[in-house]
Amino acid sequence: MTTREKHLVELVDDAGRPQGETTVAAAHQPPGQLHRAFSVLLVDPDGRVLLQRRAPVKTRFPLRWANSCCGHPTPGESLVEAANRRLREELGAGPVELTEVGVYVYYAEDPVTGRVEFEYDHVLRGEFRPDDPLLPDPDEVAELRWVDPLSLAADLDADPRAYAPWLGGVVNRLLAPSGSAASLPGPPGPAVTPPGPPANDASERSGGR
């Protein structure tokens, strides 16, 4: 077991209220335990988002494309502190001003490793310039690329198995923020609203993407 698998995470109920704690490893064993997590999307001045392809040694959804950075705050740790810690560890980036653009609950089973994701996921947006230095950790990140979020949303529908199952909900929250931006410091960046109805503000469960 890696050191990170031994770290503590905060268990929560469907409303995000703390319900105790357990290890990363235990939280992701079937049938899964709902716990607090975050997903960061770094956005450049042209509105593109940074994706990372998860390293092959990852215990959950290896080699799938995902958002810029993911992780879990330890019990009592702020989202800003935890997210910037993981940005530094995974990408050699930061600190970055972050804005929360939404929350959603998802459940997904990894068909390869048998691990489970059952997460109360805070979606965080950070402004970042593509020429700023990045030093990705090869044990965390296999590749990086910048993409247009509307093109990404279309590709998620066309080829969902190339992506981590939580990425669809993360991108939806970026494109249609739910209005929770005031919970974190830093001004919210301009959001692009796609055609069609806005994303549902309520929590959702989706194992499809």
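Is Asp131 buried or exposed? Asp131 is exposed, at 58% relative accessibility. Here buried means under 20% relative accessible area, exposed over 50%, and partly exposed in between, with a 1.4 Å probe and protein chains only.

## Model and conventions

This is a predicted model: local features need pLDDT of at least 70, side-chain atom pairs count only at pLDDT 80 or more, and totals for chains, interfaces and linings use all residues. Residues are numbered from 1 along each chain as its sequence is written, and side-chain values use heavy atoms, with hydrogens and water left out.

## Helix 2

Helix 2 covers residues 79-91. Helices (H or I, at least four residues) and strands (E, at least two) are DSSP runs, numbered from the N terminus. Helix 2 has 13 residues and reaches 17 Å from its first C-alpha to its last. That is close to the 18 Å expected at 1.5 Å a residue; the expected span is 1.5 Å times one less than the number of residues. Just after helix 2, Gly92 takes a positive phi of about 65°.

The buried residues of helix 2 are Leu79, Ala82, Ala83, Asn84, Arg85, Arg86, Leu87, Glu90 and Leu91. They pack against strand 3 (35-43), strand 4 (49-54), strand 6 (69-71), strand 7 (98-109), strand 8 (116-127) and strand 9 (141-147). Contact means heavy atoms within 4.5 Å.

## Salt bridges

A salt bridge is a side-chain nitrogen of Lys or Arg within 4 Å of a carboxyl oxygen of Asp or Glu. By this rule the count comes to 15. One of them joins Glu90 and Arg86, at 2.8 Å from N to O. The two residues are 4 apart in helix 2, so about one helical turn separates them. Glu90 is buried at 3% relative accessible area. Arg86 is buried too, at 2%.

Arg125 bridges to Glu127, with the closest N and O atoms 2.8 Å apart. Arg125 is buried at 7%, whereas Glu127 is partly exposed at 39%. Asp131 pairs with Arg129 at 3.5 Å, N to O. Arg129 is partly exposed, with a relative accessible area of 45%. Salt bridges that share partners also join Lys58, Glu77, Arg85, Arg86, Glu89, Glu90 and Glu140 into one network.

## Largest pocket

The largest pocket holds about 350 Å³ of space. On a 1 Å grid over the protein atoms alone, a cavity is a set of points where a 1.4 Å probe fits but cannot get out; a pocket is an open set with protein on both sides within 12 Å along at least five of seven lines. Grid points are joined across faces, edges and corners, and the volume is the space filled by probe spheres set on the points.

The largest pocket is lined by 24 residues, each with an atom within 4 Å of a point. Closest to its centre are Arg4, Arg54, Lys58, Arg60 and Glu140. Strand 3, strand 6, helix 2 and strand 8 each give two or more residues to the lining.

Glu10 lies in strand 1 (residues 8-12). Glu10 is buried, at 15% relative accessible area. Its side chain makes a polar contact of 2.6 Å with that of Arg36. A polar contact is a pair of N or O atoms within 3.5 Å; within protein, one must be able to donate a hydrogen and the other to accept it, and residues adjacent in sequence count only if both atoms are side-chain atoms. Not counting residues up to four places away in sequence, Glu10 touches Pro18, Gly20, Leu34, His35, Arg36, Pro73, Pro75 and Gly76.

Val101 sits in strand 7 and is buried at 6%. Val101 and Pro177 are 76 residues apart in sequence, yet 4.8 Å apart in space, C-alpha to C-alpha.
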